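Visitor: Can we go through this structure together? I'd like to start with the ligand.

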Amino acid sequence: MKSDIQKPRRKLLQHLAREIRDERVLKAMAEVPREEFLPEGSRHLAYDDVALSIGSGQTISQPFMVALMSSVLSLAGDERVLEVGTGSGYQAAVLSYLLPRGTVVTVERVPVLAQSAEERLRSLRYANVTVREAGRELGCQEEAPFDAVLVAAAAPRLPTALLSQLRRGGRLVIPIGSLEEQELVKATKTDEGTSIQILGGCRFVPLVGQDAWPENSRPSKGFFRS
Ligand code: SAH
């Protein structure tokens, strides 16, 4: 099994290196074993650049999106980072690898996913990650402020609750748009307010809750890529 995935793994890394310039992110993508975050039946697809089902109607994001979102945050290695949407825990593991002197707080609204991600991250020894079940408010006010926030689910607009959990100079990366398609947006909190950069198209599962989509929201057509 292990040797079967070495070739697709190398191919994926070559593919990512064409667009992702941050060497540390590429190293993290090379080191974190994505197959460990997948259900048994889809492990052979671990190094295809696609989102895959992880149960509960949710997906593990496409590796390219994980690498892009991680590099957009320009992490030095000692920050406090919040992830919204733990899912399998894979993105949290990549952030953990990028933060040898920092910490990751990751929140998930589906309890069974939060529990299995926590167990998986613990057994793989990503010790600087805390998994929390999401509360009513988006993010994790109790652990704020954060240097960076990564949202792994799509919102209809920039959630003010998440901006308020960022410290000044902090970066937020989030897919914003309709249920069907979004643009990846980077928001930076400055002295004057918030500066916005649009990074390109993407497709994520919906961010659910206050300041986001109502429960049971689904895209009207198509298949999720991220
Ligand atoms: N980062 C994940 C992929 C996440 S898919 C990985 O690497 O596997 C998006 C996740 O966001 C889903 O698991 C979904 O349940 C979760 N989610 C949706 N709305 C949320 C909210 N308000 N708070 C926390 N998690 C949320």
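**Ligand, pocket and backbone**

Visitor: What kind of model is this, and how are the residues numbered?
Guide: This is a predicted model: local features need pLDDT of at least 70, side-chain atom pairs count only at pLDDT 80 or more, and totals for chains, interfaces and linings use all residues. Residues are numbered from 1 along each chain as its sequence is written, and side-chain values use heavy atoms, with hydrogens and water left out.

Visitor: Which residues come nearest to the ligand?
Guide: Glu 83, Gly 85, Ser 88, Glu 108 and Val 208, out of 26 residues around the ligand. A residue is near if one of its heavy atoms lies within 4 Å.

Visitor: What about polar contacts?
Guide: Those are pairs of N or O atoms within 3.5 Å. A backbone N or O atom of Gly 85 is 2.9 Å from a ligand nitrogen. For Gln 91, a polar backbone atom lies 3.0 Å from a ligand oxygen. Arg 109 has a polar backbone atom 3.3 Å from a ligand nitrogen.

Visitor: How much of the ligand does the protein cover?
Guide: The cover is 98% of the 580 Å² of accessible area that the ligand has on its own. Areas come from the Shrake-Rupley method with a 1.4 Å probe.

Visitor: Which strand gives the most to the shell?
Guide: Strand 2, with three residues. Strands here are DSSP runs (E, at least two residues), and helices are H or I runs of at least four, numbered from the N terminus. Strand 2 (58-60), strand 3 (80-84), helix 4 (90-98) and strand 4 (103-108) each supply at least two shell residues.

Visitor: And where does the ligand sit?
Guide: In the largest pocket. More than half of its atoms must lie within 2 Å of the pocket's grid points to count. On a 1 Å grid over the protein atoms alone, a pocket is an open set of points where a 1.4 Å probe fits, with protein on both sides within 12 Å along at least five of seven lines; lining residues have an atom within 4 Å of a point.

Visitor: How much space lies in it?
Guide: The largest pocket holds about 680 Å³. Its lining has 41 residues, and Gln 58, Glu 108, Arg 109, Pro 206 and Val 208 are the closest to its centre.

Visitor: New topic. Which residues does a cis peptide bond join?
Guide: Ala 144 and Pro 145, with omega about 5°. Pro 145 is in the loop between strand 5 (129-133) and strand 6 (146-151).

Visitor: What is the phi of Ser 56?
Guide: Positive, about 55°, although Ser 56 is not a glycine. Most residues other than glycine have a negative phi.

How values were computed
Polar contact = N/O pair within 3.5 Å; in protein donor to acceptor, adjacent residues only side chain to side chain. Points joined across faces, edges and corners; volume = space filled by probe spheres on them.
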